[in-house]
Each structure stands twice: as structure tokens, then as C-alpha cells.
Amino acid sequence: MTPSRPLLLVLSLLLVPLAARAQDEAPPPPARDTPRVPELQPPAPPEGPRLELEGLEDPANPSGTAPPAEGTSATNEQDTFRQRLQPTSTLSQRAAAILDRTTLGGYAEHDFIVPGRGKSTFRNHRYVLFVYSHISERISTATEIEFEFAGSPLKRDGMLTTGEVLLEFSVVDLKLTDWLTFRAGVILVPVGAYNLRHDAPAQELPERPIAYTTVVPTTWFESGAGFLGGFDLGRDWRLSYEAYAINGLDARILDEQGFRAARGSHLEDNNHDKALTARVSLSPFLGLEGAVSGYTGAYDLEGRRVNMLNADVFWRIGAWDLTGEVVRAFIDPGFVQGFPDGSTGNTRDRVPTGMFGFYAQANYRFRIEPFFRLLPDEWHDGHFTASLRYEEKDTDTEFITVGDAARLTLGLNFRPLPPYVLKTSVWWEKAGGDGLKPHLWTRDFWSQGHWTALASVAYLF
């Protein structure tokens, strides 16, 4: 028996939609003999502008094509480096050999100072350029060039005079072992921690400690050579050291200025003696460091000496940073003399026989959350820092003079990002010009002192 024609028509109408739905859900079968094609790639971005330096092109790769494949690059770089330093290479080719290994950076500090006695003023305090070059795996060089008060010329008391552009740090390091590096050049004298870490963005108060611009004449830099390195002592402890022979201080040692005018020349030495200086630091864990340092050297042709001892400590406890230093200088009696005949440096002034100074500082970091929520996203991790520092200096321990001073400083900073800080501070200072030894705990400190306010912006780049 065969189904009737109306029944077949009804079955056809019911099966056609089901067949169409099954066809939609099933994956399409691969088309036979259809060629495989790569997926559509996004268009390549247009190549940006290229800087072409005439004469600085790579002679080993003048076409500017892609660098060699990984694994062969180190050898090829060394070969190219040697080729560029052949005696027949031009100066521009020698410079090109270093450009890809050199980094440029620096920091700057701009002030607005309001003294209690005198006129307010803006100060373009310092602009410092860093140049660092990793010449090879074991040889590197670092340089710091400072333009103080915008360099030269400098207008002072209405007259244009010569300003300061100083090479304060310029060394070349040769790494002999992991714990021994030979250094030569213009060296930061390692007496105290402040002289080694004096860059403005790293400091919480805008003004340097008064004893560490006079007794330790920060920035104290000398020409010389020596060694530095460090050892791990167990899992957490670390011992570090620096030790150098340098030209050293000369005889321009003065009350009030301390050793500032006696910093050594980078052209000549005033005697045959070479001063020795060293610092040894011990850190039991990250955040705590203590160090002792010293200096000894003759300051004139008769062999009269300056001996100096310094101790410093830094301790981070939660939101607190506690730091301080103390320095004592012992100086053989003598006079400002011994320079070549006719030099105006031979003043025959008496040289102080002793100097002393210290500072103790506490910094507290904090945040005001509602304030930071109003700031741009990149500033949300910023913080404020409140600072308190007390300090004294005495640039002639035999007498009470204007070189004696005591200062109490209160500061408040806003640091939206680690390399940028806005600083404000107010300090109260009393000097010993009235014949009274200045100390915080004496009545005349408050009755005879004067105040100064300072705001500054400092940044790294």
C-alpha cells in the first residue's frame, strides 16, 4: 500500500523546516580542493620619523636594516665596536660607537625664598645633567654637570660676574670583581651620607644641613682614584665601602665658611701629600644603615693636617624615616698661606683648630585620601611628608663666633610622583655673633634668632 498524495504533501511541509534548521546548526563541511588562505592581518602602522645624524651612521650597517638575530648580536656588537674604534675612524664614528650605550638624565631645583631679614627672591638654584655610559660589561662612566643659579654670567649686587658651571662628579669605573671596582676621576668625597646623596629630589627639606655645607662642604668633590665595593654577610647583612686617595683640602680654612673654600683644585695640588678618605657602611636589613667615615691629609707645605671623623645613620620604620649625622674635625694650628708668591690666597689668617656639627631629622609620610581621590589618576599613589630637623655647627671650637649656629626647621612636602616634589619649610636660626653659644634649649635662641621661609620644586628627569 502506498501513501496517498495529500499525505505526502503534508509530510513534505513538516520536514522542510526541520531540514533547514539542522543545516543552520551543523558546522559547514570543509570545501574540497579550496585553497587555505592566511587570516586577514591588520595593516602595519606607518613608520615614524627617523633621526638621521650626518656622519654618525653605523659604518657596519649603512643601510639601516634590522639588527642581527638574537644569539649573534653580542658578538657582532663587539666586532662593530672594535671596527668603529680603529685608528682610521673619525671622531663622529667614535662618538657613534658610544651613543647607543649612553643615557642622559638629571635633576633641577627652583626656589622662592622669603628671609626674615632681607628681600624675597626666586632662585634658579641648580640644574644638573647626568651622563652615564655603559662602555662594556665591566667598564662604565658617570658624570654630573651642575649649572648653579643658571650658570654664567651671574648678576650679584647689580653687577654681572662669573657664575658656576661645575663638573661635580665624573668617574670611570673598572669592575675587577663583584666586590672590587677601581674608580678614577672627580670623586664625591665619602665623608658622611649627605655628601653622597645630596641630590635635591631625594631630600625632604629644601635647604641642606648647615654643618654639611661648611664642616663637610657639600658638594665636596675632589680629583683622585681608589676602590669601592660591597660584601653580603649572611642572608640580609651587607657591608659596603669606598676608599680613595685625592688631592685634598688646601689652607683656605676659615671660620664661618668651614672647609668650603679649601676644597681641592682639579688642576694642581698645593703640596705633595695625598689625602686619604674612606667610608664603611653596614646594613643589617633593607631600611637600616649605619656608617663611619673619615678624612686625613696635609693642608699646607709644612705638613699640617686636617683629620675628620663622621658617623651617619638612616632608619626607616613604617611611615617614619629617622636620619642624622655628626662630624668632628681636628686641625693642626696654622695660617692661610703656602700658595705661590703673589697669590691673593696667602691671607695669613689664622686657621681654626677644630670644627663640629650635627643634625637629626625625622620625616613622616602620610596621605589624605579624599584629597588624592580628586587628583588625576597618575597622582593617586602620591603622599605628603612632614619633616622636623634640628642642627648645629661650630666652625671654630676655640671661640664663640658667627660661625656658631643652631637651627630648627619644620617642613611639609607634597610628592605626587616619586621624581617630583613640592617642598615648603620654615626655619628659626640663632648665630653666635653675640658671644652666646646658640642652643635650642637656651632662652636667647628664641629671643635673638630670626626666621626664613623657603619653597621649592625639585624633579628628576
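Helices (H or I, at least four residues) and strands (E, at least two) are DSSP runs, numbered from the N terminus. The model is predicted, with local features needing pLDDT of at least 70 and side-chain atom pairs counting only at pLDDT 80 or more, while totals for chains, interfaces and linings use all residues. Residues are numbered from 1 along each chain as its sequence is written, and side-chain values use heavy atoms, leaving out hydrogens and water.

Let us start with the strands, which pair if DSSP finds at least two bridges between them.

| Strands | Residues | Sense | Bridges |
|---|---|---|---|
| S3 and S6 | 139-148 and 164-177 | antiparallel | ten |
| S6 and S7 | 164-177 and 180-188 | antiparallel | seven |

Glutamate 146 has leucine 166 of S6 as its bridge partner. Further along, leucine 174 lies opposite phenylalanine 182 in S7. Two residues separate S6 from S7 in a hairpin.

Some of these residues also meet in a nonpolar surface patch: Ile139, Val172, Leu174, Leu176, Phe182 and Phe227 together have about 430 Å² of accessible area. Areas come from the Shrake-Rupley method with a 1.4 Å probe, and only the protein chains shown count as cover for residues. S6 gives the largest share of the patch, three residues, and isoleucine 139 belongs to strand S3.

Terms used. Patch = residues over 30% accessible without salt bridge, like charges linked within 9 Å, V, L, I, M, F, W, Y side chains within 5 Å. Salt bridge = Lys/Arg side-chain N within 4 Å of Asp/Glu carboxyl O.
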